[in-house]
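The sequence and the structure are shown first.

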Amino acid sequence: MEQQNLTVANEFILMGVTDRPELQAPLFALFLLIYVVSLLGNLGMVILTTVDSRLQTPMYFFLKHLSLTDLGYSTAVGPKMLVNFVVDQNTITRNLCATQLAFFLAFIICESFILSAMSYDRYVAICKPLLYTVVMSQRVCRLLVATPYLYSIFLSLLITVKIFNLPFCGYKIVSHFCDSLPLIALLCSNTHDVEIIILISAGINLVSSLAVLLFSYLLILIAIFKMNSVEGRHKALSTCGSHLTVVVVFYGTLIFMYVQPKSSHSFDSDKVASIFYTLVIPMLNPLIYSLRNKDVKSALDRLCKIL
């Protein structure tokens with residue numbers, strides 16, 4: 001490879017969501033609305049679960065941190081994407097690209113394990129109700145949240161440092177935000193090490209988090225089918241409904257994005273999927289929990305009356 005092609009990239013060109021000028025204004029308005037709703041919804045959920053005394057339970061403790069992770073990775077991507085709609089040159093500096101990648105990876109990895117912790121919480125609540133307050137103590141809840149945060153920060157920094165310590169070559173063009181796989185495609189040198197790290201970590205993350213989710217819900221379903229009361233079954237299922245909806249949307253989108261064969265990928269479908277999980281899912285999660293959860297709606301009513 002020619003020496004002039006081996007460069008230290010000072011900035012990257014972002015392709016943006018669309019190259020059609022007539023769609024720039026409508027898409028800007030749409031994504032601005034989505035991001036504002038996501039911002040207000042997740043901040044509202046964090047505030048509600050912090051100030052309302054009736055929401056001081058393990059389930060809402062995990063919900064608060066789910067909202068924080070939603071807020072984190074949507075904010076890592078959303079504002080810069082919105083700026084690119086209104087500026088002539090869509091670029092991002094090397095340092096900002098690395099920062100965006102690190103924050104995005106940290107929060108998206110953390111969310112998968114928080115969803116697993118929430119499924120374990122539902123398992124204990126339904127299958128071992130008499131031991132719930134003992135098993136899901138404050139110390140255990142904090143540990144179940146702190147461990148994913150520390151692990152995801154370590155892994156995101158490892159991947160980001162590995163990628164940005166290698167030289168880039170050719171045109172430094174990425175999609176609408178800095179993700180690991182598009183950046184690896186721009187590297188000139190041997191990417192085997194970083195690809196192995198991403199492959200192994202993605203496998204561990206997906207298998208371990210899904211294993212906890214599936215095993216928890218398998219035990220929950222067994223416990224529900226053993227219940228004699230129809231009302232008891234309905235109540236048990238209703239407590240899991242919101243979480244199951246969030247899990248299906250989150251993992252379904254990630255599996256579509258990263259697990260399908262390369263031959264099945266297209267640039268447009270990948271772009272739609274990435275927009276969905278970076279902006280739409282963080283907007284949907286607080287709406288799903290607020291619309292389906294009586295405790296959250298009651299807490300919101302009490303807060304509105306105080307204000």
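The sections below treat helix dimensions, helix packing, aromatic pairs and selected residues.

## Basis of the description

The structure is a predicted model, in which local features need pLDDT of at least 70 and side-chain atom pairs count only at pLDDT 80 or more, whereas totals for chains, interfaces and linings use all residues. Residues are numbered from 1 along each chain as its sequence is written, and side-chain values use heavy atoms, with hydrogens and water left out.

Helices (H or I, at least four residues) and strands (E, at least two) are DSSP runs, numbered from the N terminus. The expected span of a helix is 1.5 Å times one less than its number of residues. Helix α3 has 34 residues and reaches 50 Å from its first C-alpha to its last, close to the expected 50 Å. Helix α5 covers residues 138-164; its 27 residues should span 39 Å, and the end C-alpha atoms are 39 Å apart, which agrees.

A residue is called buried under 20% relative accessible area, exposed over 50%, and partly exposed in between (1.4 Å probe, protein chains only). On this scale α3 is mostly covered, with 27 of its 34 residues buried. In α5 the buried residues are C141, V145, P148, S152, L155, S156, I159, T160, I163 and F164. An α-helix has 3.6 residues a turn, so residues three or four places apart point the same way. The buried residues of α5 pack against β2 (11-14), α2 (58-86), α3 (94-127), β4 (168-169), α6 (180-184) and α7 (192-225).

## Helix packing

Axes are lines fitted to C-alpha atoms, for helices over the stretch in contact, and angles run from 0 to 180 degrees between N-to-C directions.

| Helix pair | Angle | Axis separation |
|---|---|---|
| α1 and α2 | about 155° | 9 Å |
| α2 and α3 | roughly 160° | within 9 Å |
| α3 and α7 | about 20° | 9 Å |

Angles under 35 degrees count as roughly parallel, over 145 as roughly antiparallel, 65 to 115 as roughly perpendicular and the rest as oblique. Helix α3 packs against α7 at about 20°, which makes α3 roughly parallel to α7. The axes of α2 and α3 cross at roughly 160°, and α2 is therefore roughly antiparallel to α3. Helix α1 (residues 21-51) packs against α2 at about 155°, and these two helices are likewise roughly antiparallel to each other.

A crossing is left-handed if the near helix is turned anticlockwise from the far one by less than a right angle, and right-handed if clockwise. The crossing of α1 and α2 is left-handed. Helix α2 passes α3 in a left-handed crossing, and the crossing of α3 and α7 is left-handed.

Contact means heavy atoms within 4.5 Å. Where α3 and α7 meet, the α3 residues include I109, F113, S116, Y120 and Y123, and those of α7 include N205, S209, V212, S216 and I220.

## Aromatic pairs

Rings of Phe, Tyr and Trp (its six-membered ring) pair if their centres lie within 6.5 Å; planes under 30 degrees apart count as stacked, over 60 as edge-to-face and the rest as tilted. A search of the whole structure finds twelve aromatic pairs. One of them joins Y73 and F104, whose ring centres are 6.2 Å apart with planes at 90°, so the pair is edge-to-face. Y73 lies in α2 and F104 in α3, so this pair ties together parts that are 31 residues apart in sequence. Both Y73 and F104 are buried.

F104 also pairs with F177: the ring centres are 5.0 Å apart and the planes are at 65°, so this pair is edge-to-face. F177 lies in the loop between β5 (173-174) and α6, 73 residues from F104, and both F104 and F177 are buried. Elsewhere, ring pairs link F12, F164 and F168 into a cluster.

## Selected residues

S180 is found in helix α6 and counts as buried because its relative accessibility is 7%. Leaving aside neighbours within four places in sequence, S180 is in contact with L101, I163 and I198. Its C-alpha lies 23 Å from that of V248, 68 residues away along the chain.

R94 belongs to helix α3 and, at 17% relative accessibility, counts as buried.

L287 is in helix α9 (residues 267-292) and counts as partly exposed at 35% relative accessibility. L287 and N42 are 245 residues apart in sequence and 9.0 Å apart in space, C-alpha to C-alpha.
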